[in-house]
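Please read it beside the coordinates.

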Amino acid sequence: MNLSRSTSGGAGRRFARLAETDRQPLRIVIDGRPAQALAGDTLMVAVLNHARQLRASEFGDGKRAGFCLMGACQDCWVWTAGGARLRACTTMAEEGMHIVTTQPEAAWASHA
Amino acid sequence: MGQPRVIVIGAGPAGVRCAETLVAAGLRPTVVDDNRRDGGQIYRRQPDNFTRPYAKLYGTEAEKAQALHASFDALRGRIDYLPETLAWNISEGAVHVVHKQRTRGIPYDALVICSGATDRLMPVKGWHYAGTYSLGASQIALKAQACAIGSQVVFMGSGPLLYLVASQYVKAGAQVVAVLDTSPFLRRVAALPKLLARPDVLRNGFALVSNLKRAGVQVLTGITPVEITGTPEAGVQGVVIRDRGGSERSFYCDAVAMGYHLRPETQLADLARCAFRFDHETRQWLPETGEDGRTSVPGVYLGGDGVKVLGADAAEIGGRLAAMAVLKDLQLPVAEPELRRLRQEQARMDRFRRGLVQAFPWPAQQAAQLPDEAIVCRCEAVTAGDLRRTVNERGAQEANRAKALCRVGMGRCQGRYCGHAGAEIIAHAAGVPLEQVGRLRGQAPVKPLPVAVREELE
């Protein structure tokens with residue numbers, strides 16, 4: 001597990017749960033770190049209850065945490081460990097999911 | 001010839017009522033919806049294992065939400081329902097859909113597009129920081145996931161949704177720092193005669209504002225947004241505005257919900273080659289519809305907020321009207337008294353809509369004042385300065401030309417959130433009327449497809 005890179009930016013969570021917290025817990029992995037989600041969470045909610053961002057802008061203007069929550073803006077893309085792209089606001093969290101918040105291609109850019 | 005093939009795109013208030021009307025006439029429509037469940041955005045259903053009752057979820061609209069969901073449930077088995085299916089293109093009498101990475105074309109004799117609306121946004125410096133969400137997003141977080149978008153939330157923008165979502169947040173126990181409305185209060189007074197077309201809705205609106213004030217939330221009208229403060233790493237840390245007296249004021253927060261009413265999702269109508277017209281009142285291009293949602297293209301109909309933003313009640317009517325237009329054009333009988341009643345009702349809805357447009361205007365002037373360093377396109381971090389240079393130095397005065405040169409509107413939201421503001425900036429920089437800037441052409445796919453999508457051959 002890579003502990004040197006924190007998804008939370010050291011600053012906890014972005015979203016605040018207000019109700020419906022009595023749900024079945026799910027275990028997921030975010031950037032190599034185990035995290036707990038709740039059944040019925042979208043990936044976005046699962047991640048933003050452990051971190052203050054979902055991804056980094058490819059254009060160097062900083063961290064992003066989604067924008068529209070209705071599948072229109074595409075600003076909440078995350079990736080599976082296998083490299084498949086997921087829209088975090090419309091994908092439900094599932095037991096055992098491994099989520100990566102950095103774009104796989106971005107890591108290859110230096111070899112191009 | 002077999003039964004006419006009718007496709008309805010969207011399962012919100014318009015799509016559901018449209019499908020219901022078609023089924024009642026003996027047809028079996030195909031309902032294509034991008035969402036996992038019916039209800040659209042306004043009556044979006046919470047996941048099955050959530051337990052909040054309708055009254056808590058939908059407030060004064062609980063009965064309507066429940067009725068719409070029940071109607072749709074009753075249609076199951078009598079329609080071909082394709083949820084989690086994106087209609088990504090329309091060509092040559094077929095809707096091209098993608099579901100679970102498989103794409104196929106579905107031919108139609110009649111197509112009703114009930115694509116709904118998304119938030120209409122005017123950029124402000126710093127709106128790209130993590131923690132800025134659209135107003136609609138802030139409502140979805142609460143309604144569908146029982147979450148607030150932050151622990152201290154500022155609501156900024158204008159329109160009825162601003163007050164509705166802020167008060168839903170207060171009721172749900174979230175901390176709302178302030179509601180900052182760009183529309184001057186006097187506009188609301190001037191709009192009263194039109195708003196009285198729907199006295200019940202107007203009364204609910206007044207109640208929302210007084211609930212907020214009673215809860216101790218600062219509500220300011222006639223403000224000018226200056227900046228969302230924060231850092232690229234940490235995201236949103238506050239909001240700076242000028243109040244109506246011109247004094248600068250700051251609010252600490254970790255999230256901002258932003259929006260200026262809604263804009264119709266018109267890409268599919270565009271791909272179906274429907275004619276558009278410039279709407280001077282709301283300063284945007286809208287699909288041209290005749291009576292009951294008929295477009296310039298035979299066999300293509302529009303209903304609900306995807307035509308113009310009339311709200312959920314009117315969307316139910318619009319869906320029914322569009323279905324009746326389909327039936328009529330297929331030489332099938334429709335109930336004429338019901339048709340007349342719906343048209344009358346829709347005229348009242350439109351009067352109210354015009355009241356809202358007058359009370360909560362699109363803040364076009366902000367585009368001109370946007371500092372050069374402010375990001376306009378969040379997808380690709382294109383700034384107002386980049387766009388102005390494209391106009392001033394490279395002579396682009398048309399939206400698609402500017403897009404080709406500086407990529408405003410070319411990102412993966414396809415201009416949904418920067419298109420209107422971008423056009424205002426171009427118009428101001430070029431010194432031409434907004435209408436002359438044109439509109440970003442709809443492009444297929446209307447949303448990005450996964451790379452692995454394969455075509456299904458039949």
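In chain B, the C-alpha centres of domain 2 and domain 3 lie 25 Å apart, the domain bounds being those of an automatic or database domain assignment. Their contact takes seven residues from domain 2 of chain B and 13 residues from domain 3 of chain B, where two residues are in contact if their C-beta atoms, placed from the backbone, lie within 7 Å. On the side of domain 2 of chain B that touches domain 3 of chain B there are five nonpolar residues, one polar and one charged; Ala, Val, Leu, Ile, Met, Phe, Trp, Tyr, Cys and Pro count as nonpolar, Asp, Glu, Lys and Arg as charged, and the others, Gly among them, as polar. The assignment for chain B reads as follows.

| Domain of chain B | Residues |
|---|---|
| domain 1 | 6-118 + 263-332 |
| domain 2 | 121-260 |
| domain 3 | 365-437 |

This is a predicted model, in which local features need pLDDT of at least 70 and side-chain atom pairs count only at pLDDT 80 or more, while totals for chains, interfaces and linings use all residues. Residues are numbered from 1 along each chain as its sequence is written, and chains are lettered from A and ligands numbered from 1 in the order in which they are written.

Helix H1 (residues 13-24) and helix H9 (residues 312-329) of chain B pack at an angle of about 35°, with their axes 7 Å apart; axes are lines fitted to C-alpha atoms, for helices over the stretch in contact, and angles run from 0 to 180 degrees between N-to-C directions. Helices (H or I, at least four residues) and strands (E, at least two) are DSSP runs, numbered from the N terminus. Among the residues that meet are B:Val16 and B:Leu22 in H1(B), and B:Ala315 and B:Met324 in H9(B). The residues of this contact divide into eleven nonpolar, four polar and three charged.

Chain B also holds an open sheet of three strands in the order E14-E15-E16, with antiparallel pairing, two strands being paired if DSSP finds at least two bridges between them. Strand E14 (224-231) and strand E16 (248-252) of chain B stand at the edges, each with a single partner strand, so one side of each is left without a neighbour in the sheet. Seven bridges join E14(B) to strand E15 (residues 235-242) of chain B, and B:Ile228 has B:Val239 in E15(B) as its bridge partner.

Chain A, for its part, has two helices and eight strands, which follow the pattern β-β-β-α-β-β-β-β-β-α along the sequence.
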